[in-house]
Amino acid sequence: MIEACLFDLDGVVVDTAKYHFIAWKALAEELGFEFTLEDNERLKGVSRMQSLDILLEIGGLQFSEPEKLAMAEKKNTLYVCYIEKMTPEETLPGVEKFLQELRNAGIGIALGSASKNAPMILERIQLSGMFDAIVDGNSISEAKPNPEVFLKGAEKLGVLPENCVVFEDAIAGIEAAQNANMYSVGIGDQETLGFADLVIPGFEGFTVEKLKACLPFPQK
Ligand code: G6P
Ligand code: MG
């Protein structure tokens, strides 16, 4: 029986990839190389320091650990300038309605995000109160595809992993859900996320009823 839904944040609840892009691009330009939108795709679902490693690999550059920490800090300062100004209108279409439906159905809701900025983003889009549990980049030690973020979410909600559904837009996130033995729903296109249990383009028109109809486990 479905007892909880766990949501990734970036690319599922909000589109922050465009702000990450602006900030990483600014850093790349400062270092003297081009960073494209296609490159940015590689950073989705990837932690801040791992993202920096990928960026530096693209630029063919190497730095010491303290230098990298300073660069990540600088990128984040610029990124925060953008997310600080986010408004509830930036919540992706259909998300709030779906969360409300889950609440009405008595299904637990948790956030499972790699972002250390998750609490601020949820506050800006005024959705903090919708989540019964929040697990973010501040409380995990292993990055997706490690299942830690989702297992911690299930534990906080007091539900078994096999009764959880994960909504994710990144390949590593779907893998994390599968590694956690949870039902995975990919948000995006079939071509990229086809290995998820279910793929939907977004939450617009999606309902708890439709979700239940797809689930393999028996429903009440
Ligand atoms: C999410 C995003 C990534 C981002 C990561 C860390 O997983 O998809 O692009 O790098 O969070 O975000 P942060 O806000 O902590 O830098
Ligand atoms: Mg994501």
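In the predicted model, 15 residues surround ligand 1, and the closest are Asp 10, Ala 114, Ser 115, Lys 116 and Asn 117; a residue is taken as near a molecule or strand if its C-beta atom, placed from the backbone, lies within 6 Å of it. The shell around ligand 1 consists of three nonpolar, eight polar and four charged residues. In this classification Ala, Val, Leu, Ile, Met, Phe, Trp, Tyr, Cys and Pro count as nonpolar, Asp, Glu, Lys and Arg as charged, and the others, Gly among them, as polar. Domain 1 (4–15 + 89–214) and domain 2 (16–84) each contribute at least three residues to the shell. The model is a predicted one, in which local features need pLDDT of at least 70 and side-chain atom pairs count only at pLDDT 80 or more, while totals for chains, interfaces and linings use all residues. Residues are numbered from 1 along each chain as its sequence is written, and chains are lettered from A and ligands numbered from 1 in the order in which they are written.

The protein is divided into these two domains, domain 1 (4–15 + 89–214) and domain 2 (16–84), with bounds that come from an automatic or database domain assignment. Their C-alpha centres are 24 Å apart. Across the boundary, 17 residues of domain 1 are in contact with 10 residues of domain 2, where contact requires that the C-beta atoms of two residues, placed from the backbone, lie within 7 Å. On the side of domain 1 that touches domain 2, helices α6 (118–124) and α8 each supply at least two residues. The largest share of that side, three residues, is from α6. By class, the side of domain 1 that touches domain 2 has seven nonpolar, four polar and six charged residues. Helices (H or I, at least four residues) and strands (E, at least two) are DSSP runs, numbered from the N terminus.

Strand β4 (residues 164–168) is largely enclosed by the rest of the structure, because five of its five residues are buried. A residue is buried if 20 or more other C-beta atoms lie within 10 Å of its own, exposed if 12 or fewer, and partly exposed in between, with C-beta atoms placed from the backbone. Both faces of β4 are covered: Cys 164, Val 166 and Glu 168 are buried on one side, and Val 165 and Phe 167 on the other. Strand β1 (residues 4–7) runs parallel to β4 and is joined to it by four bridges; two strands pair if DSSP finds at least two bridges between them. Within this pairing, Cys 5 has Val 165 of β4 as its bridge partner. Four bridges also join β4 to strand β5 (residues 183–187), again in parallel, and Glu 168 is partnered by Gly 186 of β5. Together, β4, helix α8 (residues 171–179) and β5 form a right-handed β-α-β unit. Right-handed here denotes that, with the strands pointing away from the viewer, the path from the first strand over the helix to the second runs clockwise.

In helix α7 (residues 148–157), the buried residues include Val 149, Phe 150, Leu 151, Gly 153, Ala 154 and Leu 157. Among the elements that cover the buried residues of α7 are β1, β2 (108–112), β3 (133–135), β4 and α8. Just after α7, Gly 158 adopts a positive phi of about 70°. Gly 158 belongs to the loop between α7 and β4 and counts as exposed because it has 11 C-beta neighbours inside 10 Å. Its C-alpha atom is 9.4 Å from that of Gly 108, although the two are 50 residues apart along the chain.

Other backbone features occur in loops. Lys 144 and Pro 145 are joined by a cis peptide bond with omega of about 15°, and Pro 145 is found in the loop between β3 and α7. Gln 126, a residue other than glycine, has a positive phi near 55° and is found in the loop between α6 and β3. Gln 126 is partly exposed, with 13 other C-beta atoms within 10 Å. Phi is also positive, near 65°, at Asn 181, which lies in the loop between α8 and β5. Asn 181 has 14 C-beta neighbours inside 10 Å and so counts as partly exposed.
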